[in-house]
Amino acid sequence: MTTKSAAAASVATAYGYPRQGRGRELKKAIEGYWKGSVTAEVLLATAADLRRGNWQQLADSGVEEVPTGDFSLYDHVLDTTVAVGAIPPRHRDAVEADPLDGYFAMARGNQDVAPLEMTKWFDTNYHYLVPELGPDTVFTANPAKAVGELREALLLGHAARPVLVGPVTYLLLAKPAPGVAADFQPITLLDRLLPVYAELLAGLRAAGAAWVQLDEPALVQDRTPAELNAAARAYRELGALTDRPKLLVASYFDRLGDALPVLAKAPIEGLALDFTGPAAANLEDLAAAGGLPGKRLVAGVIDGRNIWINDLEKSLTTLATLLGLADTVDVAPSCSLLHVPIDATLERDIDPQIARWLAFAKQKATEAALLARGLREGTGAIAADLAANRADLASRAGSPITRDPAVRARIAAVTDADARRAQAYPQRAEAQRARLGLPLLPTTTIGSFPQTTELRVARADLTAGRIDGATYQERMEAEVREVIAYQEKAGLDVLVHGEPERNDMVQYFAEQLTGYLATRHGWVQSYGTRYVRPPVLAGDISRPRPMTVDWFRYAQGLTDRPVKGMLTGPVTMLAWSFVRDDQPLADTARQVALALRDEVVDLEAGGAAVVQVDEPALRETLPLRAAARPAYLDWATEAFRLATSGVRADTQIHTHMCYAEFGAIMTAIDDLDADVISLEATRSHMEVAGELAEAGYPREVGPGVWDIHSPRVPSTEEAVSLLRAGLAAIPAERLWANPDCGLKTRGWPETRASLESLVGAARLLREELAG
């Protein structure tokens with residue numbers, strides 16, 4: 001029997017930890033470096049301090065084996081691109097001249113070179129930089145970061161396990177480089193890449209690594225036989241190496257499915273599997289595959305993507321079953337903890353009853369340590385912790401905070417007709433064109449304008465009580481006046497009020513809805529130095545009063561041009577929050593949709609001819625396995641329509657999406673029945689316009705012509721070129737000109753220059769089309 005030895009050997013570990021620091025020190029140091037106020041030496045010293053702090057926090061929580069290499073100045077996939085030497089040709093000079101500046105040029109671009117494309121990391125709100133590969137790509141090993149961070153941890157006395165993105169996932173995430181045929185498959189470069197991984201592994205072994213973790217989350221998606229064969233070949237060859245550490249191949253976010261027996265049979269020493277949510281099926285699959293005799297299993301039994309406390313007894317039951325399926329069973333969160341905030345004890349303003357239900361990264365590490373101790377020493381050793389955990393779970397299940405009878409009665413009364421516009425799109429389009437009177441290629445922005453230091457200071461002053469509500473209102477109104485006046489002068493056709501009063505596109509609404517709670521220190525990385533504080537969905541959702549109508553009325557009163565009402569859609573409200581795990585997501589989505597429906601109707605009554613309901617997370621939340629997608633898309637698109645279908649035919653409904661692979665959801669985009677959709681298109685070279693045309697999308701489209709996540713100011717010629725590409729797929733009467741996303745993170749000088757290019761491009765093309 002393996003039970004006794006496995007229990008005796010069980011340790012707690014983790015795949016990764018939040019990078020930013022308790023006070024977002026990394027963000028401040030990086031942005032200071034970009035501005036020239038922080039030196040490279042100070043930036044790198046700050047990063048080293050944060051790494052040391054992360055390892056110590058994990059160790060103090062009882063984690064016996066800490067990860068290294070998961071820390072990043074921008075993105076771990078970009079770090080892998082550097083580690084394997086896959087630098088795009090346009091960035092090579094910058095990287096050779098200064099590796100740090102070249103690294104950030106790949107991430108953000110500069111006035112000379114465009115950045116790498118950015119998209120969502122599987123079904124999370126984290127964004128990664130997409131590798132660009134082609135038949136001529138030459139890989140070269142650069143182990144400096146991985147080896148250096150391992151040595152740091154070992155010198156501090158930690159048992160450390162380096163973490164790298166696995167070769168198969170790296171290639172499956174990559175796209176053909178510019179100029180390479182669109183049908184090029186980066187996975188065909190596997191044989192060229194594996195020797196580089198062999199060199200990285202040898203370097204880590206020489207530096208003292210006993211184990212190396214290779215992350216292969218792409219294998220939890222539906223994979224072709226050829227891709228599974230590639231995975232089998234990769235780990236057969238890496239496993240056969242003699243100069244390497246032990247290999248732990250990690251997957252997360254869903255079940256491994258057909259890839260599980262492939263990896264179980266590979267000559268590697270361990271597997272790390274997710275056993276939460278849909279990945280709970282890994283337990284049955286693992287038993288069916290005959291387990292992992294003679295191998296290490298790292299069991300991800302703690303949800304690494306949400307913030308609710310773990311059911312310790314349920315997890316112990318799962319772990320007890322797993323003990324008979326592997327040589328050793330260790331305990332971990334289900335994925336890297338970069339997807340959750342750092343420490344729940346920092347949240348002093350949350351209701352103490354609710355605070356008992358929360359577990360951030362530090363608490364999840366403690367849960368892993370408790371479970372590992374329970375496996376080693378028996379449940380009696382953690383009896384008091386189990387009793388406290390049972391009490392906290394019962395407190396949440398029985399709390400009146402979680403159930404509002406009025407909300408549930410309204411949901412029960414919803415009919416199919418409530419989620420459909422009364423008129424078909426052709427009738428709506430005619431009425432909207434008559435009402436709005438817009439030119440060809442109408443210009444607009446996505447919603448937000450620069451959130452200046454002055455705006456942030458005003459918000460902080462209000463929170464701290466240094467100014468009163470009336471003073472804050474005056475400052476925000478002054479900003480709205482400036483934004484409206486600027487847009488009129490710039491020549492934009494459909495205006496926005498700029499959202500100066502909004503701290504975040506989800507948090508702003510969450511703070512005005514019942515059932516939500518906000519954190520003060522719950523920062524989570526979205527991309528690079530962009531951190532968000534996802535609110536927590538703790539109970540049933542309703543809207544006590546209008547949330548945006550007064551701001552819309554004020555802005556519309558300043559101009560004769562149409563101003564958009566601006567809302568965040570129900571799916572994005574869920575995706576960018578920490579959602580309830582005690583009821584189906586579809587139920588929560590309908591609750592949010594009904595609250596937003598009330599707001600949309602009130603905006604229309606307040607004079608709004610255009611209302612934009614953003615759903616950038618629709619693609620991001622798509623299940624990783626195709627079998628689960630139809631059910632998700634049914635309730636997700638229904639929720640959007642439920643939010644937007646209460647208006648007249650001549651009220652134009654817009655939606656917005658950004659930084660995602662849209663091809664997989666073209667039918668769903670159509671099912672939203674929005675009158676206008678704006679989408680990210682610049683970094684992906686207007687691919688989405690062709691995808692929409694190929695899918696027969698019949699409504700109006702605004703593919704972005706300005707990448708707002710880069711400091712580059714596009715020229716008028718660049719914008720014209722992108723719009724021409726859009727016109728090749730979308731008729732002029734259905735094409736809009738807009739940026740890729742909101743302008744919150746940009747400064748005013750680049751905003752003015754870029755919008756001048758955008759408006760100028762639209763005017764030039766209008767003249768051509770008229771001639």
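Helices here are DSSP runs of H or I with at least four residues, strands are runs of E with at least two, and both are numbered from the N terminus. Ala753, for one, has its place in helix α29 (residues 748–770).

A word on the ground rules before the points. This is a predicted model, where local features need pLDDT of at least 70 and side-chain atom pairs count only at pLDDT 80 or more, while totals for chains, interfaces and linings use all residues. Residues are numbered from 1 along each chain as its sequence is written, and side-chain values use heavy atoms, with hydrogens and water left out.

1. Back to Ala753 in α29. Its relative accessible area is 30%, so Ala753 is partly exposed (buried means under 20%, exposed over 50%, and partly exposed in between, using a 1.4 Å probe and protein chains only). Pro714 sits 39 residues away from Ala753 along the chain, and the two C-alpha atoms are separated by 8.2 Å.

2. Pro293 belongs to strand β10 (residues 292–302). Is Pro293 buried or exposed? With 65% relative accessibility, Pro293 counts as exposed.

3. Now the helix pairs, starting with α5 (residues 89–97) and α6 (residues 99–108), whose axes come within 5 Å and cross at roughly 150°. Axes are lines fitted to C-alpha atoms, for helices over the stretch in contact, and angles run from 0 to 180 degrees between N-to-C directions. The crossing of α5 past α6 is right-handed, meaning that the near helix is turned clockwise from the far one by less than a right angle, with anticlockwise giving left-handed.

4. Which residues of α5 and α6 meet? From α5 there are His91, Ala94, Val95 and Ala97, and from α6 there are Pro99, Gly102, Tyr103, Ala105 and Met106 (contact means heavy atoms within 4.5 Å). By class, this α5–α6 contact has seven nonpolar, two polar and no charged residues. For the classes, Ala, Val, Leu, Ile, Met, Phe, Trp, Tyr, Cys and Pro count as nonpolar, Asp, Glu, Lys and Arg as charged, and the others, Gly among them, as polar.

5. Helix α6 also packs with α2 (residues 25–35), here at an angle of about 100° and with the axes 12 Å apart. α2 and α6 are therefore roughly perpendicular to each other. Ile30, Tyr33 and Trp34 of α2 make the contact with Leu100, Asp101, Phe104 and Arg108 of α6. That set divides into five nonpolar, no polar and two charged residues.

6. Further along, α17 (residues 405–412) and α24 (residues 585–605) have axes that come within 10 Å and cross at roughly 90°. That makes α17 roughly perpendicular to α24. Val407, Arg410 and Ile411 in α17 meet Arg590, Gln591, Leu594 and Asp598 in α24, and the contact has three nonpolar, one polar and three charged residues.

7. Check the backbone at two loop residues. Most residues other than glycine have a negative phi. Phe122, in the loop between β2 (118–120) and β3 (127–129), has a positive phi near 55°. Glu499, in the loop between α20 (469–490) and α21 (507–510), has a positive phi of about 60° although it is not a glycine.

8. How do those two loop residues sit? Phe122 is at 8% relative accessibility and counts as buried; Glu499, at 10%, counts as buried too. Leaving aside neighbours within four places in sequence, Glu499 is in contact with Gly447, Ser448, Gln451 and Met566.

9. Ser251 is in the loop between β8 (246–250) and α11 (259–265), and with a relative accessible area of 2% it is buried. Which residues does Ser251 contact, leaving aside its neighbours within four places in sequence? They are Glu216, Val220, Leu256, Ala272, Leu273, Asp274 and Ser334.

10. Finally, the cysteines. A search of the whole structure finds zero disulfides (a disulfide being a pair of cysteine sulfur atoms within 2.5 Å). Cys335 is buried at 1% relative accessibility, and Cys741 is buried with a relative accessible area of 15%.

Key
Parallel < 35°, antiparallel > 145°, perpendicular 65-115°, else oblique.
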